[in-house]
Amino acid sequence: MSSATISTPVSLAAPGRQHWKTVLADSFRDPYELLKYCGIDVSRVQLVSEHEFAFRVTRYFASLIEKGNAQDPLLLQVLPGTQELQRVEGYLQDAVGDIQFMRVPGLVHKYAGRVLLTLTGACAIHCRYCFRRHFPYGEARVGFDQGGQVMKYLAEHDDVNEVILSGGDPLMVSDGKLADLVASLNRIPHIKTLRIHSRLLSVLPERVTRDLVEVLQGFDGQVVMVTHINHPNEISERNQAAFQLLSKTGYRLFNQSVLLKRVNDSASTLVELSNRLFESHITPYYLHRLDKVQGAAHFDLPGRECARIYAQLRSRLPGYLLPAMVQDIPGQPAKTPAIGD
Ligand code: SF4
């Protein structure tokens with residue numbers, strides 16, 4: 001049984017619509033090409049010539065960048081600046097301590113009741129602040145062998161009732177492979193919830209298709225989708241159509257953001273983001289403090305500044321639009337509320 005049924009045709013399946021993989025293949029792979037497209041003088045921007053963390057931006061995300069603005073908050077999220085080369089004390093390769101909780105390749109069991117699967121290291125855009133920018137995906141990826149170690153682990157752990165698919169982006173995986181995974185999970189009766197964290201939902205709206213919805217409807221339990229949107233400018237009519245489809249299909253949609261210096265570090269921006277999310281059928285869920293990953297220190301904000309912004313946010317938003325500000329502290333049994341240092 002699916003968690004919901006589509007009663008109306010999928011509005012996104014317009015005639016002539018390109019396959020999402022074709023659209024993805026047309027992404028920007030060269031930051032100078034992106035700057036040219038955005039009408040920004042390259043001499044005003046210092047980029048790393050050879051970046052250890054690859055560059056990629058979808059055409060759709062690029063279309064939302066304000067042309068001629070080198071400080072655009074969407075551009076700053078994806079541009080590999082020379083600050084990435086700074087080695088700052090306290091910023092680590094494995095910022096959240098995932099590796100020590102990897103029980104079998106591609107399965108992290110850190111919190112009670114739920115496990116995280118990394119299906120792929122691929123993403124549609126590469127966010128420069130990503131806490132998994134150094135993650136060893138080569139050896140830490142779920143194999144799609146249905147009788148494999150991951151399913152064995154899940155079958156043996158009946159205290160686990162939620163499987164979380166996370167980044168790399170799980171929706172980079174083909175519908176066929178996702179369908180195989182869903183079928184395997186359906187054979188483990190104590191897995192009740194499938195949670196999908198994906199940046200593709202907002203940066204590549206073509207990924208949300210009738211086929212994808214049908215695959216997810218094959219899951220016997222509840223499906224929860226988590227978007228990753230940091231700034232209100234990341235939302236437009238095109239991805240709102242995708243969110244609406246998922247919402248009408250019956251999936252619960254939540255959003256998590258990261259509080260990022262020069263990107264969304266003002267209460268006004270975050271209030272607007274919550275309101276835009278609400279209009280888009282998405283509940284604001286988490287506002288993360290930056291995970292202290294090597295190469296992303298320039299996005300970090302002092303604890304006092306985070307507390308000041310959050311206090312303003314709390315005074316301006318109704319409770320149901322206020323995301324919880326949290327931090328992922330290695331060794332803690334859950335995300336930790338994060339106010340102040
Ligand atoms: S989409 Fe997610 S996993 Fe991929 S680079 Fe961005 S934050 Fe990291």
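In this predicted model, V115 stands opposite V163 of strand 4.

| Strand pair | Sense | Bridges |
|---|---|---|
| Strand 2 (residues 107-111) and strand 3 (residues 114-118) | antiparallel | three bridges |
| Strand 3 and strand 4 (residues 162-166) | parallel | five bridges |

Two residues separate strand 2 from strand 3 in a hairpin, and G113 in its turn has a positive phi of about 85°.

The protein as a whole contains 11 helices and 10 strands. Its radius of gyration is 20 Å, close to the 20 Å given by the globule rule for 341 residues, so the protein is as compact as a globular protein of that length. The C-alpha trace spans about 55 × 50 × 45 Å along the principal axes. Of the 341 residues, 39% count as buried. Where contacts link residues at least 6 apart in sequence, 84% of them join residues at least 24 apart.

The ligand is surrounded by C123, H126, C127, C130, R132, G167, G168, D169, R199 and H228. By class, this shell comprises three nonpolar, four polar and three charged residues.

As to confidence, the average pLDDT is 89, and 90% of the residues score at least 70. Over residues 1-11, pLDDT stays under 50, and the model has 20 contacts beyond four places in sequence for this segment.

Technical notes
Residues numbered from 1 in each chain as written. Predicted model: local features only at pLDDT ≥ 70, side-chain atom pairs only at ≥ 80, totals over all residues. Helix = DSSP H or I, 4+ residues; strand = E, 2+ residues; numbered from the N terminus. Rg over C-alpha atoms; globule rule 2.2 N^0.38 Å. Buried ≥ 20, exposed ≤ 12 C-beta atoms within 10 Å, placed from the backbone. Contact = placed C-beta atoms within 7 Å. Near = placed C-beta within 6 Å. Nonpolar A, V, L, I, M, F, W, Y, C, P; charged D, E, K, R; others polar. pLDDT = per-residue confidence, 0-100. Pairing = 2+ DSSP bridges.
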